[in-house]
2 protein chains.
Amino acid sequence: MEFSNKTANLSGSSIRDTFKALANNKIISFAGGMPSSAFYPADEFASIAQNILNTNPAKALNYGITEGYAPLIEKIRNRATEQNILDNTSENQDSPQILVTSGGQQAINLTAMILLNEGDGVVVENPSFLGALNAFRSFGANLYGVPMQNAGMDIEALEKTLTTNKNIKFIYVIPTFQNPMGVTTSLQKRKQIIDLAYKFNVYILEDNPYGDLKFNPSTPSLPTIMQLEREAQNRGNVIYTGSFSKILSPGLRVGYAIAPREIIDKMTVCKQVQDVHTPLIPQMIVNDYIENFDLNKHISKCNAHYSKQCSHMLNCIDRLFPKNSGIKATKPDGGLFLWCYGGKKDSATLAKEALDLGVCIVSGNGFLPNSTDSTSSFRLNFSASPLDKIEEGIGILSKIVG
Amino acid sequence: MEFSNKTANLSGSSIRDTFKALANNKIISFAGGMPSSAFYPADEFASIAQNILNTNPAKALNYGITEGYAPLIEKIRNRATEQNILDNTSENQDSPQILVTSGGQQAINLTAMILLNEGDGVVVENPSFLGALNAFRSFGANLYGVPMQNAGMDIEALEKTLTTNKNIKFIYVIPTFQNPMGVTTSLQKRKQIIDLAYKFNVYILEDNPYGDLKFNPSTPSLPTIMQLEREAQNRGNVIYTGSFSKILSPGLRVGYAIAPREIIDKMTVCKQVQDVHTPLIPQMIVNDYIENFDLNKHISKCNAHYSKQCSHMLNCIDRLFPKNSGIKATKPDGGLFLWCYGGKKDSATLAKEALDLGVCIVSGNGFLPNSTDSTSSFRLNFSASPLDKIEEGIGILSKIVG
């Protein structure tokens, strides 16, 4: 069987494969990137869905336009304006537009589709979100990893990467509560990334699915790169992607892209050939939830929970991991993940051993731009397991981490 | 703005653009490919959606696996077995697998993604479904059109096309109630297409969204190409795509691909990088509808309606179009469309004039593999407008068709 060049070596995400393993057993999972299912607003969604289908069935069940459900686009615009991602000047030809996508993943995919020819380069944080890395690979891109530090990319290494390599089209960053590390790129580094994007004439893909999940009230909320770029030279070289997966429900698959009109227009044409439009019922559920309930209050409730979960996991690691393992954990101010690094055992080996003992973690190598590299680092999700399972799971890991 | 080579010249579907024009006015539309909205089972869906969210919220709202919702996959398998698309031998490593996709469009897109390198060829019916043509273009494919006759492709021209052109990867066919023409490929031609695919070692993409919509009881149901290929040499070179858009609701965006395991596995990996998985609520609505209601009865009811609609439109054309226009219409045994051909006026001009007079048709040029060609042919949808609007719309067209 001869597959196309760009997909011949594409392999499945180890996380997605893990989900299949999880489907039918009682494994303690620190693997997924999902919210706690106890917090899904299922009752609200049930009454919304019934209402939509009773009162507006033709709208919900017929074809929709590719751009997305118009009332939802307005909700996204209002929310983005409140958060200074967009400014509040009236909409005009030059102001950024919004495309509703089938999850944040599709927004990332469409960015790659419109910008990349085979062999073009993408600069990525090392480590980074493997769903995005695989999307870039599927367009035949070369990935250039820039080492992550405590407050974001090593800017010197970023400049060197941009200087050395030709045909780089964009820099992919998750500036807030990064996946997989949980770290946040500092204000200074955000500005430096923008300056370097200007200097080397490349785009920035700012992926921000976790930005709302800030649970440490003592850390300031940093402006997005899209806001900072507007306040700098406003060249319109930032494509921003967001999602309702982490703040409402991933199974709805509703995300979005915000970018200058010319870019959104091209992404819209490309979305047409992928899936015509995002299903309407999920879009309408998100819209009606925002319209009739308090999304920010819902997020606050989740964040209070995640704060406890994260603290507890860090506390368990501190108490239970052997001191001589060398393992340290990042201390996120928000998001869903922390990152364990500095250990000695290969993380792919560790993940296999852990699964045999009933604990699921994600080995770090999947997050590396060079997928054949190995690492002792691994990712832990703290949002989805009950506190006693966190204690039990970290206890099991402590016996094998090194 | 410099877009990627493969997307730089990609433009929006004229049909999708038409939908936007339709959103806010009272135009008589013969444009869309949607079922009659009077027949959406909205009440059933409302109770199903509420039940799903009340009883199974974690399943509905959390991430799912990329392959699709397992009970729905079983439903699709059973239905495909009943229809002889799959045989009823027990499932084994070699039997075809199923991938649930975000509409039939994504199944077509993923087929192109796994098979096509830039510059590869795809043989298509001329005219053909423009959503598929655009998907192939988005991978940088060369499209080779084979003229359609009353009973499917001109087989001699097909053989010549396969002989003359190199790097052809697959033949794209809509054998039953074709879009845009409404014609059905004969049994003989189906077998000849399979023979030629064997001879030239290419795949067949069999797109069958309309197969269930047979409303003429006097014509036989022909076996699918997938069935005929299995009964011939069973080389596994057919990729079959289906959809619930035309038999239940297009806004749900639930379709599927059926193909040998190796192909479905690669398509699954590719779907992961596009949208992770199809949203669960739409998948669960389709599944629970099939489980608790009589889908075939629903389809029969729709078909009885479409039969009347189609007859009425043909009758109106016969009565109202000027005899000297030269226009003939195909006489479909099923599906949603008929095709008017043999006229003198350029169809793009006609479509514009018609829209000014409040009638929306789809000009034929969008369906041509060479998108800069022009044609006097045009497509009419007969399923979505009430009978009096069909009469009124055809009456308006009759004044301008030439």
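Begin by selecting B:Pro180, which lies in the loop between β6 (168-173) and α9 (187-200) of chain B; helices (H or I, at least four residues) and strands (E, at least two) are DSSP runs, numbered from the N terminus. The bond to select there is the cis peptide bond that joins B:Asn179 and B:Pro180, with omega at about 15°. This is a predicted model, in which local features need pLDDT of at least 70 and side-chain atom pairs count only at pLDDT 80 or more, while totals for chains, interfaces and linings use all residues. Residues are numbered from 1 along each chain as its sequence is written, and chains are lettered from A and ligands numbered from 1 in the order in which they are written.

Now move to chain A and select A:Pro180, whose place is in the loop between β6 (168-173) and α9 (187-200) of chain A. A cis peptide bond, with omega of about 15°, joins A:Asn179 and A:Pro180. Most residues other than glycine have a negative phi, and most peptide bonds are trans.

Return to chain B and select B:Asn201, in the loop between α9 and β7 (203-207) of chain B. B:Asn201 is not a glycine, although its phi is positive, at about 55°. B:Asn201 counts as exposed, with 11 C-beta neighbours inside 10 Å; a residue is buried if 20 or more other C-beta atoms lie within 10 Å of its own, exposed if 12 or fewer, and partly exposed in between, with C-beta atoms placed from the backbone. A:Val276 is buried, with 26 other C-beta atoms within 10 Å.

Next, display the open sheet of eight strands in chain B, which has the order β2-β9-β8-β7-β6-β3-β4-β5 and mixed pairing; two strands pair if DSSP finds at least two bridges between them. Its edge strands are β2 (97-101) and β5 (152-153) of chain B, each of which pairs on one side only. Over five bridges, β2(B) pairs in the antiparallel sense with strand β9 (residues 255-259) of chain B, and B:Leu99 stands opposite B:Ala257 in β9(B). Helix α5 (residues 70-82) of chain B lies across β2 and β9, running at about 120° to β2(B); axes are lines fitted to C-alpha atoms, for helices over the stretch in contact, and angles run from 0 to 180 degrees between N-to-C directions.

Keep B:Ala257 selected: not counting residues up to four places away in sequence, B:Ala257 touches several residues, among them B:Leu99, B:Ile239 and B:Met267, where contact requires that C-beta atoms, placed from the backbone, lie within 7 Å. B:Ala257 is also, with A:Ile204 and A:Ala257, among the residues with the most contacts inside the largest nonpolar core, which has 246 residues; such a core is a set of buried Ala, Val, Leu, Ile, Met, Phe, Trp, Tyr and Cys residues joined through C-beta atoms within 7 Å.

Finally, show both chains together and look where they meet, with 63 residues of chain B in contact with 64 residues of chain A. On the side of chain B that touches chain A, α11(B) gives the most, with eight residues.

Definitions and conventions: Contact = placed C-beta atoms within 7 Å.
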